[in-house]
Amino acid sequence: RCRWRCRALLSRPAGALRAHRGLAAGPEMHFGFQTVTEEERREKIYQVFESVAKKYDVMNDSMTLGIHRVWKDILMHKMNPSPGTLLLDVAGGTGDIAFRFINYVRSVRERQLQRKLRHHQNLSWQEIFESYQKDNLNSLGDSQVVVCDINREMLKVGKQKAQHLGYTEGLSWVLGNAEELPFDDDKFDVYTIAFGIRNVTRIDLALQEAYRVLKPGGRFLCLEFSHVSNPLLSRLYDLYSFQVIPVLGEVIAGDWKSYQYLVESIRRFPPQEELKAMIEDAGFFKVDYENLNFGIVAIHSGFKL
Amino acid sequence: VRCQHYPPLRALQASAALRRASDGHQKEPLTSSSQQHFDSPPAAHQPEQEPQAPRPSYTGQGGQESEDYESEEQLQHRILTAALEFVPEHGWTAEAIAEGAKTLGLSVAAAGMFHSDGSELILHFVSECNAKLSQLLEKEQKLVQLGEAEKKPIDEFLRDAVEARLRMLIPYIEKWPQALSILLLPRNIPSSLNLLTSMIDDIWHYAGDQSTDFNWYTRRAVLTGIYNTTELVMMQDSSPGFEDTWRFLENRVADAMAMSNTASQVQSTGEAVVQGLMGAAVTVSNAETSRAVR
């Protein structure tokens, strides 16, 4: 295996492109710095997440020093969902995005109700009380989030978390593959995939599926590790990624290999502009990206118009 | 670091929702004025479509008749126009834009295309009002040229133009203070200032060659001052039909006219004032140096 990795490292730049674009030529794919077939890749990734599921959140916090929470908050602010939005969170396993969505929509809804009440200054007490009751049953304003993940273990952890944190309404958990979603066309207002598209074997298929299930005017949002262009920062980042993270993985989750895969998969993932081109190819308009932390993470956004 | 990229040759495929929205309009015959070529320079911003052309058809590059292509800017324009009717209820916010998108059959997430503080909606509204004002003034000018109307004296002309423009705010008057404060954000000042000055220039253009002693900058500044102050008065006016505002406007315009008559006096007075100031400055500096010496 070391030989594979060394060879892959040496030929990385060209190899990455070849492995990525050579889907038509043959089923050779990258799994971190290894070269595997498509089927093998899906299997291996499934196994990776099966084994990390229970410690997924803890590992996220320790690897990113808690900054991943900020990234996800920024994603939610960028989305700025209004009550009544139907969100599909793909590869949303442990539910981070879904819970944030519910919190956000709930607070927006509260503000809406307050504003409505302020306008009803001339109503009698009885009428105000009745309208408040009617709206109170609708604290989410008909917003819904569907969490879809290919991995049963991750969904299990997510469901447990939801129960533990007290999220009861507006959530659905569906087992599904991002490359072939079990949903009808034109259903969702927003499609998000946070730190998941890297693990999808056929990104183009996932993007096409995203386009399919979104309503016209719907928004595609992708939060993912990306390319750091600043050379100094890039070196520090590489150092941290390859030296610290797998060690953390071993110490906290008892799983060196999965976190080695994680770090390698980040390096193999297409950089910002390339991903943007892929999103445009799927048919999205007004595609653009926003770098967070100098490109360690990027949010890509596109609209189905 | 945000990255914006305008894809040069892409046009929106009229998706089902968009086609449905435009099915209500009649198919327009292709005229040379509405021809747009997609090999135009990609950096060129799509010019704002006048309200008279609801859904122009474009010829493709080969000159053949193509399906209804609409650019992103046009779609955004349509969404903002639809959003205006929700402004009295929701204010100049992303919510109003979301409601507007809903009426066009799009998802509420389409409001994400715009900035979340609603500034684009306000700028859109302002430029629409300015366009309407230009049309109005042009029509009046035509009538005068055809001899069907009298040429108005300059003060009456300015008064009517500013009043017509301010009347367009009346449906949104409750939320207009909010809009003004958003337009004053540093980010929006370049665009809002641009729109304001072009409107003022427009009014002066149609006012024509009337003999005044103003030079170009003074004219701009004077009318801008009149417009802004009248707008602010209008925000706080509760009189029926805003008659207090129109009276205020009349007085300001009269002031401006009176000022022009004394412009020459002001100039010589100005010179005297400057000399006085220079003298004062010299005196002060002398006093300082003498004090320092002591």
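This is a predicted model: local features need pLDDT of at least 70, side-chain atom pairs count only at pLDDT 80 or more; totals for chains, interfaces and linings use all residues.
1. Turning to chain B, an unreviewed UniProt entry places the annotation "domain: Ubiquinone biosynthesis protein COQ9 HTH" on residues 72-102. In the model, that stretch of chain B is 81% helix and 0% strand, with 17 Å between its end C-alpha atoms.

2. Chain B is split into domain 1 (72-116) and domain 2 (119-278), and the contact between them draws 16 residues from domain 1 of chain B and 15 residues from domain 2 of chain B. About 1300 Å² is buried between these two domains, with carbon and sulfur atoms giving 68% of that area. On the domain 1 side, Leu84(B), Trp92(B) and His115(B) lose the most area to domain 2, together accounting for 54% of what that side buries.

3. As for polar interactions across this interface, the rule finds zero salt bridges, whereas five residue pairs, both members at pLDDT 80 or more, are counted in polar contact. The elements of chain B that give two or more residues to the domain 1 side are helix 2 (72-83), helix 3 (87-90) and helix 4 (94-103), and helix 2 of chain B supplies the largest share, four residues.

Key
Residues are numbered from 1 along each chain as its sequence is written. Chains are lettered from A and ligands numbered from 1 in the order in which they are written. Side-chain values use heavy atoms; hydrogens and water are left out. UniProt positions are given in the numbering used here, feature names are shortened, and annotations may be inferred rather than shown by experiment. Domain bounds come from an automatic or database domain assignment. Contact means heavy atoms within 4.5 Å. Buried area is the accessible area (1.4 Å probe) that two parts lose on being put together, summed over both. A salt bridge is a side-chain nitrogen of Lys or Arg within 4 Å of a carboxyl oxygen of Asp or Glu. A polar contact is a pair of N or O atoms within 3.5 Å; within protein, one must be able to donate a hydrogen and the other to accept it, and residues adjacent in sequence count only if both atoms are side-chain atoms.
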